[in-house]
Amino acid sequence: MSIQVNRLADPTVRAFVTAVNSHDQAAFQAVLTPDATMSDDGTDRDIAEWTEREVFSSHGHMDVENESDGGRVLIVTYRNDTWGEMRTKWRFTVDGGKVSRFETGQA
């Protein structure tokens, strides 16, 4: 059973998931710090390139199954047009109300 996005505990993570699910690149950029970093399956990636490929051009969508660590760790059924559906874990570092790092990978 999914957790409704508007019920996610951390407001910054909630804004991140909302931006991804609505494919709103401006809102997504606004939730990140200017020097934000990310990794996918343990490998650091360029956020702009990765999100264009894995989220925006491939219609990525996050269905949150579970949250922990105050809403900063999510277990998500993630799907996009490239890879289909997979169970993923997302961990967020939030500084000053913005995401400074996120890490994702298969759960």
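Modeller: Two strands pair if DSSP finds at least two bridges between them, and the helices (H or I, at least four residues) and strands (E, at least two) are DSSP runs numbered from the N terminus. This is a predicted model, in which local features need pLDDT of at least 70 and side-chain atom pairs count only at pLDDT 80 or more, while totals for chains, interfaces and linings use all residues. Residues are numbered from 1 along each chain as its sequence is written, and side-chain values use heavy atoms, with hydrogens and water left out.

Biologist: In the hairpin of β1 and β2, which residue takes a positive phi?

Modeller: Strand β1 (residues 32-40) pairs with strand β2 (residues 43-45) in the antiparallel sense over three bridges, and Asp40 stands opposite Thr43 in β2. The hairpin has two residues between the strands, and the one with a positive phi, near 50°, is Asp41.

Biologist: Where β3 and β4 form a hairpin, what is the phi of Asp69 in the turn?

Modeller: Strand β3 (residues 61-68) and strand β4 (residues 73-80) are joined by seven bridges in the antiparallel sense, with Val64 opposite Val76 in β4. Four residues lie between these strands, and Asp69 in the turn has a positive phi of about 55°.

Biologist: Do β1 and β6 pair in the parallel or the antiparallel sense?

Modeller: Five bridges link β1 to strand β6 (residues 98-106), and Ser39 stands opposite Glu103 in β6. The sense of the pairing between β1 and β6 is parallel.

Biologist: In what order do the elements of the protein run from the N terminus on?

Modeller: The secondary structure comes to three helices and six strands. Read from the N terminus on, the order of these elements is α-α-β-β-α-β-β-β-β.

Biologist: What is the radius of gyration of the protein, and why does it agree with a compact globule?

Modeller: The radius is taken over C-alpha atoms, and the globule rule is 2.2 Å times the number of residues to the power 0.38. The C-alpha atoms fill a box of roughly 35 × 30 × 25 Å along the principal axes. Because a compact globule of 107 residues would have a radius of gyration near 13 Å, there is agreement with the value for the protein, 12 Å.

Biologist: Is Phe16 buried or exposed?

Modeller: Phe16 has its place in helix α1 (residues 11-22), and, not counting residues up to four places away in sequence, Phe16 touches Phe28, Val31, Leu32, Met62, Trp90, Phe92, Val99 and Phe102, where contact means heavy atoms within 4.5 Å. Buried means under 20% relative accessible area, exposed over 50% and partly exposed in between, with a 1.4 Å probe and protein chains only. The relative accessible area of Phe16 is 1%, so Phe16 is buried.

Biologist: What is the relative accessible area of Arg91?

Modeller: Arg91 lies in strand β5 (residues 84-95), and, leaving aside neighbours within four places in sequence, Arg91 is in contact with Arg72, Val73, Arg101, Phe102 and Glu103. Arg91 counts as partly exposed because its relative accessible area is 36%.

Biologist: Of the 107 residues, what percentage count as buried?

Modeller: Among contacts between residues at least 6 apart in sequence, 45% join residues at least 24 apart. Of the 107 residues of the protein, the percentage that count as buried is 42%.
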